[in-house]
Amino acid sequence: MKANGKEMEVREGTTLHEFLVSAGYDTSRVAVELNGSVSPRNTYKNIVLKDTDSMEIVSFVGGG
Amino acid sequence: MPLRVGIAGLGGLGSNVAVMLVRSGFRDLVLADFDRVEESNLNRQAYFRRHLGMKKTDACVEILKMIDPEAEPEAHDVRLDEENIAGVFEGCKIVCEALDTADAKAMLVNTVLTKMPGTYLVSGSGISGWDSPDGIRTKHVFEKLYVCGDGTSDTGDMHAPRVAVCAGHQANLILRLIYGMEDEKIE
């Protein structure tokens with residue numbers, strides 16, 4: 001699987017939510033584009049990642 | 001229908017982006033904020049001392065009309081949430097994310113990108129402190145999402161120079177999108 005341009009290994013059955021948490025992301029502060037479409041946040045726990053997936057993750061910081 | 005641009009949040013980023021767009025001759029803005037102008041805002045936001053206590057929507061409209069009396073920004077005095085965002089920014093082909101907290105930024109970005117298909121989003125993230133403004137950049141991260149900022153600084157202390165640099169990135173990109181200078185074609 002590719003995340004932000006880097007090749008990563010994911011265990012079979014890992015959900016998007018599990019991957020984000022294990023990679024250190026706060027899921028309330030991110031947006032994820034998986035294979036070209038933005039994943040709604042209420043689907044993170046249902047999406048099972050595949051070897052062929054490619055995702056971009058943006059993590060926001062405060063200040064406006 | 002003319003191309004409209006929404007601005008979510010009228011703090012350091014949003015108030016300055018609105019001013020830059022109107023100075024550039026762009027008038028079709030939709031503004032949203034729920035807050036009032038406070039003393040602590042004056043170090044970086046577009047407001048003046050006499051605006052203290054005013055709703056930011058009212059103060060921002062007044063400033064924009066001082067620059068261009070024919071500007072007619074549509075202002076919404078509202079706290080944006082997942083339920084009202086699509087209604088407030090209906091018809092906007094571009095939305096500028098200029099909210100305060102990381103959670104609110106992520107909420108707005110996710111809501112616009114999933115509920116308003118075809119809308120471009122120009123977000124600001126990482127504007128605090130005094131590091132070199134060369135670290136503030138515009139990145140095209142998703143098909144419809146650009147993020148301006150250094151991506152990391154969130155110490156909470158924000159000052160005019162870096163905030164204005166990031167607002168400049170956002171306003172410049174919005175104008176590039178409007179006038180077809182990016183590869184994307186906005187219909």
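Trainee: In this predicted model, how many bridges join strand S3 of chain A to strand S5 of chain A?

Mentor: Strand S3 covers residues 30–34 of chain A and strand S5 covers residues 54–59 of chain A. The two run antiparallel, and within this pairing A:Ala31 has A:Val58 of S5(A) as its bridge partner. The number of bridges joining S3(A) to S5(A) is 5.

Trainee: Which strands are the edge strands of the sheet in chain A?

Mentor: The open sheet in chain A has 5 strands with mixed pairing, in the order S2-S1-S5-S3-S4. An edge strand pairs on one side only. The edge strands of chain A are therefore strand S2 (6–7) and strand S4 (37–38).

Trainee: Is A:Gly5 buried or exposed?

Mentor: A:Gly5 is found in the loop between strand S1 (2–3) and S2 of chain A. Its C-alpha is 8.1 Å from that of A:Met55, although 50 residues separate A:Gly5 and A:Met55 in sequence. Because A:Gly5 has 7 C-beta neighbours inside 10 Å, and 12 or fewer is the cut-off, A:Gly5 counts as exposed.

Trainee: Which element gives the most to the side of chain B that touches chain A?

Mentor: The contact takes 31 residues from chain B and 16 residues from chain A. On the side of chain B that touches chain A, at least two residues each come from helix H1 (12–23), H4, strand S6 (137–142) and strand S7 (145–149) of chain B. That side divides into 13 nonpolar, 13 polar and 5 charged residues. With 8 residues, the element of chain B that gives the most is H4(B).

Trainee: At about what angle to S3(A) does helix H4 of chain B run?

Mentor: Helix H4 comprises residues 102–115 of chain B. This helix lies across S3 and S4 of chain A. Relative to S3(A), H4(B) runs at about 30°.

Trainee: How many of the 12 residues of H1(B) are buried?

Mentor: Among the buried residues of H1(B) are B:Gly12, B:Leu13 and B:Val22. The buried residues of H1(B) pack against strand S1 (4–8), strand S2 (29–33), helix H2 (56–67), strand S4 (92–97), strand S5 (120–124) and helix H5 (160–178) of chain B. H1(B) is therefore largely enclosed by the rest of the structure, the buried residues numbering 10 of 12.

Trainee: Which residue just after H1(B) takes a positive phi?

Mentor: The end C-alpha atoms of H1(B) are 17 Å apart, which agrees with the 16 Å that its 12 residues should span at 1.5 Å a residue. Just after H1(B), a positive phi of about 95° is found at B:Gly25.

Trainee: What covers the buried residues of H2(B)?

Mentor: The buried residues of H2(B) are B:Lys56, B:Thr57, B:Ala59, B:Cys60, B:Val61 and B:Leu64. The covering elements include H1, S2 and strand S3 (74–77) of chain B.

Note on methods: Residues numbered from 1 in each chain as written. Chains lettered and ligands numbered in written order. Predicted model: local features only at pLDDT ≥ 70, side-chain atom pairs only at ≥ 80, totals over all residues. Helix = DSSP H or I, 4+ residues; strand = E, 2+ residues; numbered from the N terminus. Contact = placed C-beta atoms within 7 Å. Axes fitted to C-alpha atoms, helices over the stretch in contact; angles between N-to-C directions. Nonpolar A, V, L, I, M, F, W, Y, C, P; charged D, E, K, R; others polar. Buried ≥ 20, exposed ≤ 12 C-beta atoms within 10 Å, placed from the backbone. Expected span 1.5 Å × (residues − 1).
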